[in-house]
Amino acid sequence: LDTLEKWVKEIFSEIPNNGLPKPSFGHLTRPFDTPEFHKLYRVVPIRKVHSLSITWALPPQEQYYRVKPLHYISWLVGHEGKGSVLSFLRKKFWALALYGGNGETGFEQNSTYSIFSISVTLTDEGYKHFYEVAHVVFQYVKMLQKRGPDKRQVIWEEIQKIEANEFHYQEQTDPVDYVESLCENMQLFQKEDFLTGDQLLFEYKPEV
């Protein structure tokens with residue numbers, strides 16, 4: 001560590017600090033509140049594949065990195081067991097796969113907004129019924145909203161344990177990629193969370 005610290009000081013100490021706070025665009029709220037966003041778009045793919053994507057633009061969520069509410073919701077939406085959206089759609093022979101979430105990247109999550117998407121890979125039959133598929137997805141989200149997270153702390157703790165296991169037993173990554181990731185984390189998280197803020201769940205807050 002002493003050697004690494006010496007190298008860092010030699011290389012980076014001459015970089016001037018302009019003393020300015022990092023820029024924030026939080027005042028530019030609701031960037032997707034336009035007629036163009038509230039529409040259904042049909043895109044003809046190059047490959048033979050049918051996919052339905054539903055996207056919501058939400059207020060910025062990066063401040064809640066210790067809670068990770070979108071990760072929690074994506075876990076519920078992406079569940080594949082009994083009673084799940086995908087289980088229901090598969091019984092109808094309408095869908096092959098379903099994914100929901102937020103990539104936590106600059107485009108999907110920043111100081112202006114957070115994107116949450118649910119993508120469903122449809123069968124040929126599902127493509128014929130994509131309105132019904134969308135309706136099922138919205139019904140499920142509405143059900144989650146009505147029931148609320150109050151009785152779902154067990155699920156949150158399960159997610160927390162899984163993420164902790166993956167963190168502790170993760171494979172070694174390329175050093176350059178790891179340093180780049182840490183530098184990005186330094187712009188987003190508190191000092192004590194630089195190493196873990198993008199992976200671990202720390203706090204259960206139903207209101208968030």
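Me: In this predicted model, which residues does valine 120 touch, not counting residues up to four places away in sequence?
Reply: The model is predicted. Residues up to four places away in sequence are left out of the list. What remains for valine 120 is His50, Ser51, Leu52, Leu89, Ala95, Ala97, Leu98, Val133 and Val137.

Me: Which residues of the largest nonpolar core touch the most other members?
Reply: The largest nonpolar core has 27 residues. Valine 120 is among those that touch the most other members.

Me: How many residues of strand 3 are buried?
Reply: Strand 3 spans residues 114-122. It is mostly covered. Of its 9 residues, the buried number is 7.

Me: How many bridges join strand 1 to strand 3, and how many join strand 2 to strand 3?
Reply: Strand 1 and strand 3 run antiparallel, joined by 9 bridges. Strand 2 and strand 3 also run antiparallel. For strand 2 and strand 3, the number of bridges is 6.

Me: Which residue of strand 3 stands opposite threonine 55 and is the bridge partner of glycine 101?
Reply: Threonine 55 has its opposite residue in strand 3. Glycine 101 has its bridge partner in strand 3 as well. Both point to serine 117.

Me: Which residues of helix 2 are buried, and which elements are included in their cover?
Reply: Helix 2 covers residues 69-77. Its buried residues are Pro69, Leu70, Tyr72, Ser74, Leu76 and Val77. Their cover includes strand 1 (50-58), strand 2, strand 3, helix 5 (130-147) and helix 6 (153-168).

Me: Which backbone oxygen lies 3.1 Å from a polar atom of the side chain of threonine 112?
Reply: Phe25 is one of the residues in contact with threonine 112. The 3.1 Å distance runs from a polar atom of the threonine 112 side chain to a backbone oxygen. That oxygen belongs to phenylalanine 25.

Me: How many aromatic pairs does the structure hold, and what is the geometry of phenylalanine 107 and tyrosine 113?
Reply: The structure holds 9 aromatic pairs. In one of them, phenylalanine 107 and tyrosine 113 lie 6.3 Å apart, centre to centre. Their planes are 75° apart, and over 60 is the cut-off. So the pair is edge-to-face.

Me: Which member of the pair phenylalanine 130 and tyrosine 131 is buried?
Reply: The two rings are stacked, 4.6 Å centre to centre and 25° between the planes. Tyrosine 131 has 56% relative accessibility, so it counts as exposed. At 12%, the buried member is phenylalanine 130.

Me: Which residues form one aromatic cluster with Phe107 and Tyr113?
Reply: Phenylalanine 107 counts as exposed at 57% relative accessibility. Tyrosine 113 counts as buried at 10%. The cluster also has Phe32 and Phe37.

Me: Which ring lies under the charged end of arginine 66?
Reply: The charged end of arginine 66 sits over a ring, 4.2 Å from its centre. The ring is that of phenylalanine 202.

Notes:
Residues numbered from 1 in each chain as written. Predicted model: local features only at pLDDT ≥ 70, side-chain atom pairs only at ≥ 80, totals over all residues. Heavy atoms only, no water. Helix = DSSP H or I, 4+ residues; strand = E, 2+ residues; numbered from the N terminus. Polar contact = N/O pair within 3.5 Å; in protein donor to acceptor, adjacent residues only side chain to side chain. Contact = heavy atoms within 4.5 Å. Buried < 20%, exposed > 50% of the residue type's maximum accessible area, 1.4 Å probe, protein only. Phe/Tyr/Trp six-rings, centres within 6.5 Å; stacked < 30°, edge-to-face > 60°. Lys NZ or Arg CZ within 6 Å of the ring centre and 35° of its normal. Core = buried A, V, L, I, M, F, W, Y, C linked by side-chain atoms within 4.5 Å. Pairing = 2+ DSSP bridges.
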